[in-house]
Amino acid sequence: MGEFSIIDRYFKNIGKSRQEIIEGPGDDAAVVRMGNAEWTICADTMVSGVHFFDSQDAFDVGFKCLAVNLSDTIAMGATPVWAILCLTHPDGNEDWIGRFSDGFHELAEKSAVSLIGGDTTSGPLTVSVTVGGQLYGPPVLRSGAGVGDIIFLSNTVGDAAVGLKIAQGEYEASEMDRKACLEKLNRPNPDLSYVSPLCKFASAAIDISDGLLADLGHILTASGGVGAKLDLSTIPMSHAAKNYLTSNGQASENWQTILSGGDDYILCFCVPRNQIENLETQFPNIQLFRIGEIVEQTGIEVQNASAGLILSQRTGFDHFTKNEL
Ligand code: ADP
Ligand code: MG
């Protein structure tokens with residue numbers, strides 16, 4: 001989010017404004033017209049010691065650096081087609097690069113993406129991936145949410161953030177929960193089956209990389225300063241995340257891990273009320289977790305049906321007014 005204002009200040013409107021550029025910086029991906037087709041293009045960088053542990057299995061790094069870009073591409077309603085990989089490695093260790101390439105390959109194969117080029121250099125371990133995706137309809141932007149739209153998630157939230165707590169030794173989980181959360185953290189699984197439903201029915205979408213509240217906040221801001229009302233009891237969570245939540249009496253910090261922890265790489269999208277029945281009928285096999293609605297009043301209010309107001313983003317995430325959920 002802080003990053004976002006730097007982008008606004010320094011990286012918007014650079015260079016010539018061209019008619020081929022439909023969307024520049026600011027959404028999950030840029031949108032570019034090439035011939036008669038429109039394409040999304042996005043890039044993400046992962047730095048050793050920042051975005052993954054120095055000791056991380058290179059397979060996971062290869063898998064995840066592609067996954068995070070697929071996630072942005074899908075959130076635009078585009079089908080990922082190609083990837084460019086820029087790898088900076090300290091010494092070109094082939095064991096590491098081999099494992100890395102296996103991880104990248106597994107997801108590229110599964111998602112039918114072709115690696116078309118890149119760069120390999122020597123230096124501090126850093127991986128940067130660019131993905132191009134084809135649009136078969138108008139792009140789904142962050143800016144289209146309207147008052148009354150229903151807000152959905154495509155999957156459970158919080159597992160990756162709990163996984164990070166586990167990996168950092170801050171939370172001791174059962175073996176089963178540990179495995180489940182680390183899997184979500186290390187190998188996020190962007191779901192291509194959402195491309196068509198988003199294209200057809202979503203008024204706005206974003207993928208959750210910085211936490212549900214922050215990323216939903218981007219939709220609200222981009223959509224002209226609307227707000228959101230969420231019902232805490234409808235937030236989809238795995239057993240592992242629920243176990244974490246109750247591990248120290250549902251302290252507000254635990255809720256913050258779930259709602260603001262990030263690295264989920266699932267979708268948050270809005271659908272106009274009058275389209276929901278069509279969405280459910282035409283795409284009966286996708287998971288739709290309804291978590292709230294877009295409202296006029298700015299900010300995010302998280303409520304619980306029985307406990308009343310729990311937190312208001314307007315007063316900051318640490319201002320939980322009630323903890324007993
Ligand atoms: P996401 O979490 O969806 O990957 P980011 O927070 O990384 O999004 O980026 C938000 C937007 O800012 C994107 O549209 C991205 O292209 C743009 N952006 C980020 N860094 C730069 C940069 N250095 N120059 C130009 N645009 C940038
Ligand atoms: Mg994104």
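**Exercise 1.** Which strands does helix α3 (residues 94-110) lie across, and at about how many degrees does α3 run to β4?

*Solution.* This is a predicted model, in which local features need pLDDT of at least 70 and side-chain atom pairs count only at pLDDT 80 or more, while totals for chains, interfaces and linings use all residues. Residues are numbered from 1 along each chain as its sequence is written, and side-chain values use heavy atoms, with hydrogens and water left out. Helices (H or I, at least four residues) and strands (E, at least two) are DSSP runs, numbered from the N terminus. Helix α3 lies across β4, β5 and β6 and runs at about 170 degrees to β4, where angles run from 0 to 180 degrees between N-to-C directions and axes are lines fitted to C-alpha atoms, for helices over the stretch in contact.

**Exercise 2.** Describe the sheet and its edges.

*Solution.* Begin with the order: 6 strands form an open sheet, β1-β2-β3-β6-β4-β5, with mixed pairing, two strands being paired if DSSP finds at least two bridges between them. Next, the edge strands, each pairing on one side only, are β1 (21-23) and β5 (114-122). Finally, within the sheet, β4 (residues 79-89) and β6 (residues 126-135) pair in the antiparallel sense over 9 bridges, and Pro 80 has Gly 133 in β6 as its bridge partner.

**Exercise 3.** Determine how α8 is oriented against α9.

*Solution.* The axes of α8 (residues 239-247) and α9 (residues 252-260) come within 8 Å and cross at roughly 155 degrees. Therefore α8 is roughly antiparallel to α9, since angles under 35 degrees count as roughly parallel, over 145 as roughly antiparallel, 65 to 115 as roughly perpendicular and the rest as oblique.

Terms used:
Chains lettered and ligands numbered in written order. Contact = heavy atoms within 4.5 Å.
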